[in-house]
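Trainee: I am new to this structure. Can you show me how to read its contacts and its packing?

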Amino acid sequence: MAEIREAPSMEAVPRDLVQAVVVHELRKEFKVPDRKKGRFGRKTRVALDGVSFTLERGETVAILGQNGSGKSTLVRLLSTLLLPDGGSASIFGNDVVADARAVRRLVNRVSVEASFFKKMSSAENLGYAARYYGMTASQTKDLIPEILERVGFPRDRRDESMENLSRGMQQKVALARALLTSPVLLLLDEPTTGLDPRSKLEVQDFIREIRTNHDSTILLCTHDLVEAETLAERVGILDRGRLLALEPADDLKRRYGCGTLEEAFFSATGRAFEAEGDEDDEDDDREVFA
Amino acid sequence: MRALVSTMRAELVGAGGVVERNYYLTKRYIWWDVAWFLWTVANTLTIVFIAKGIEASGGNLDVNRTMTTLLIGAVVWAYLGILFEFLMETVAWERWEGTIEYTFMAPLSRAMHLAGQGVFAIAYGLLRATFLFCVCAFLFFDLTMPNAQFFPAFVVLLVSSVSFIGIGMMMSVLPLISPEKGTQLGFVAQGTLLVVSGVYYPVEVLPQWMQWIATISPATYALDGIREAILEGQGLTAMWDELLPLMIIGVVSIPLGLWVFSRGEQYAKKHGKLKRSG
């Protein structure tokens with residue numbers, strides 16, 4: 001099986017830099033409709049409320065949280081897609097606001113929706129996306145088939161439109177797209193949500209492989225308690241925009257005197273894990289244009 | 001120096017990626033494009049037939065010249081439509097497909113991103129406009145243009161495209177700050193630009209305030225220049241009255257367009273609009 005090549009973006013990161021992500025008192029709020037105040041009424045909804053944490057280089061950290069807890073907002077802030085309202089975040093010493101372009105060279109992500117041009121094939125989608133990172137056609141000619149093969153994407157379906165592929169297949173291509181640019185920080189925002197059990201296991205196996213063989217730091221936001229416990233070295237609990245804890249799963253269980261991560265989550269938040277928020281935060285954390 | 005060359009190279013490759021993506025999309029949606037082209041031909045014919053209609057109802061006019069004048073207006077309208085459509089799609093189509101976040105978090109500068117969109121739009125638009133002109137002029141109407149200078153007309157259209165791209169950049173910010181209404185507002189802007197630019201009539205027939213706006217519209221100079229080249233047989237050297245204002249508007253509109261887009265992007269990042277659902 002082909003090895004993933006050394007990341008070009010790694011050249012930009014000094015070897016002795018051990019802190020991959022430093023987040024300090026990060027705050028984000030949105031104006032959302034408030035029907036009590038009439039048709040154009042709005043209220044402020046705090047999506048992230050003074051979140052602070054550090055990720056070491058090469059570490060895999062999972063953030064657990066219900067829908068609307070602020071997971072996607074955190075990922076989007078680290079991806080430079082949102083501007084914070086307070087606090088700071090830096091990726092390998094680059095501030096996500098002041099050094100946004102440097103951050104973009106180091107980061108890639110996989111979100112819950114695969115997000116491709118659906119009429120285009122996987123090879124075409126990966127090809128143009130790689131160009132945005134400065135990779136020429138000659139550089140990706142062999143690399144794209146290599147990476148697709150590595151994620152277990154069938155060779156004979158490379159030229160098929162994305163719309164004809166299953167969700168699991170699309171998510172594999174999304175992983176391939178993220179890896180193609182060799183990110184030093186990989187942001188995984190519910191990458192296995194909605195996948196069938198087999199696809200879910202395949203994607204998780206691949207994340208495990210990246211963790212083992214590639215010098216990437218991984219931030220995994222997930223609903224899946226087992227996924228968090230098995231893939232991550234530390235697990236964080238994010239609830240209503242506040243990071244309540246971030247430590248190894250066993251320490252979390254010990255701290256709350258629980259036998260399972262689910263019970264620990266319940267103790268930390270005072271709510272059962274299944275008691276979902278009203279809306280997915282992908283839809284909830286934006287202002288309404290009026 | 002090496003770092004600068006490397007960055008420039010990466011930026012050019014990135015802009016090439018935008019062109020590549022649009023090429024793939026055009027290839028995949030080719031039948032939609034064929035249907036759209038047929039609609040444009042029909043629309044152009046309805047406009048050009050007006051000249052024959054006036055003659056048939058007793059009007060006294062040079063039918064061949066009037067038809068050519070109207071045809072040029074219709075072709076420029078269609079061309080502008082393609083340019084603006086591609087630039088508006090910078091945001092609108094990406095939002096629809098869900099790729100917007102991936103594109104905007106890539107390390108490609110916005111200037112080169114929009115330049116890639118513009119280059120493809122111009123190449124594709126020129127091809128479509130040339131085809132539209134030929135189909136209508138020679139297949140349907142058998143128009144005669146004994147003095148026509150097509151190369152200068154082509155150059156005028158190309159030079160005016162720079163200004164159109166600058167204006168298109170400003171308009172493409174609309175779907176970014178207003179996901180629900182932005183695209184429609186873009187069509188309004190396109191129509192307004194052509195109304196004041198004498199698309200089917202001389203600018204002189206417009207109210208004075210519209211004529212003032214016409215002086216800063218690149219479409220005014222583009223239409224004048226193309227008509228002079230095709231109807232009067234003017235060469236490039238006699239067209240500085242059109243080319244110079246077009247160059248000046250182009251030099252101003254591109255940086256202005258980038259600045260407006262950048263402000264819109266900051267607003268979208270502040271308010272959480274840079275996402276698939278809007």
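Mentor: Start with the chains, and keep in mind that this is a predicted model. In it, 34 residues of chain B are in contact with 32 residues of chain A.

Trainee: Which helices of chain B each supply at least two residues of the side that touches chain A?

Mentor: They are α1 (2-28), α4 (100-104) and α11 (240-271). The most comes from α1(B), with 10 residues. By type, this side of chain B divides into 13 nonpolar, 10 polar and 11 charged residues.

Trainee: Now chain A. Why is helix α3 (residues 122-131) of chain A described as largely enclosed?

Mentor: Count buried residues. A residue is buried if 20 or more other C-beta atoms lie within 10 Å of its own. In α3(A), nine of the 10 residues are buried, so the rest of the structure largely encloses this helix. Among them are A:Leu126, A:Tyr128 and A:Arg131.

Trainee: What do the buried residues of α3(A) pack against?

Mentor: Helices from both chains: α4 (137-150) and α5 (167-180) of chain A, together with α1 and α4 of chain B.

Trainee: Back to chain B. At what angle do helix α2 (residues 30-56) and helix α3 (residues 63-97) of chain B pack?

Mentor: About 155°, with their axes 9 Å apart. That makes α2(B) roughly antiparallel to α3(B), because angles over 145 degrees count that way. The crossing is right-handed.

Trainee: Which residues meet there?

Mentor: On α2(B), they include B:Thr40, B:Ile47 and B:Glu55. On α3(B), they include B:Val63, B:Leu70 and B:Ala78. The residues of this contact divide into 11 nonpolar, three polar and two charged.

Terms used: Residues are numbered from 1 along each chain as its sequence is written. Chains are lettered from A and ligands numbered from 1 in the order in which they are written. This is a predicted model: local features need pLDDT of at least 70, side-chain atom pairs count only at pLDDT 80 or more; totals for chains, interfaces and linings use all residues. Axes are lines fitted to C-alpha atoms, for helices over the stretch in contact, and angles run from 0 to 180 degrees between N-to-C directions. Helices (H or I, at least four residues) and strands (E, at least two) are DSSP runs, numbered from the N terminus. Angles under 35 degrees count as roughly parallel, over 145 as roughly antiparallel, 65 to 115 as roughly perpendicular and the rest as oblique. A crossing is left-handed if the near helix is turned anticlockwise from the far one by less than a right angle, and right-handed if clockwise. Two residues are in contact if their C-beta atoms, placed from the backbone, lie within 7 Å. Ala, Val, Leu, Ile, Met, Phe, Trp, Tyr, Cys and Pro count as nonpolar, Asp, Glu, Lys and Arg as charged, and the others, Gly among them, as polar. A residue is buried if 20 or more other C-beta atoms lie within 10 Å of its own, exposed if 12 or fewer, and partly exposed in between; C-beta atoms are placed from the backbone.
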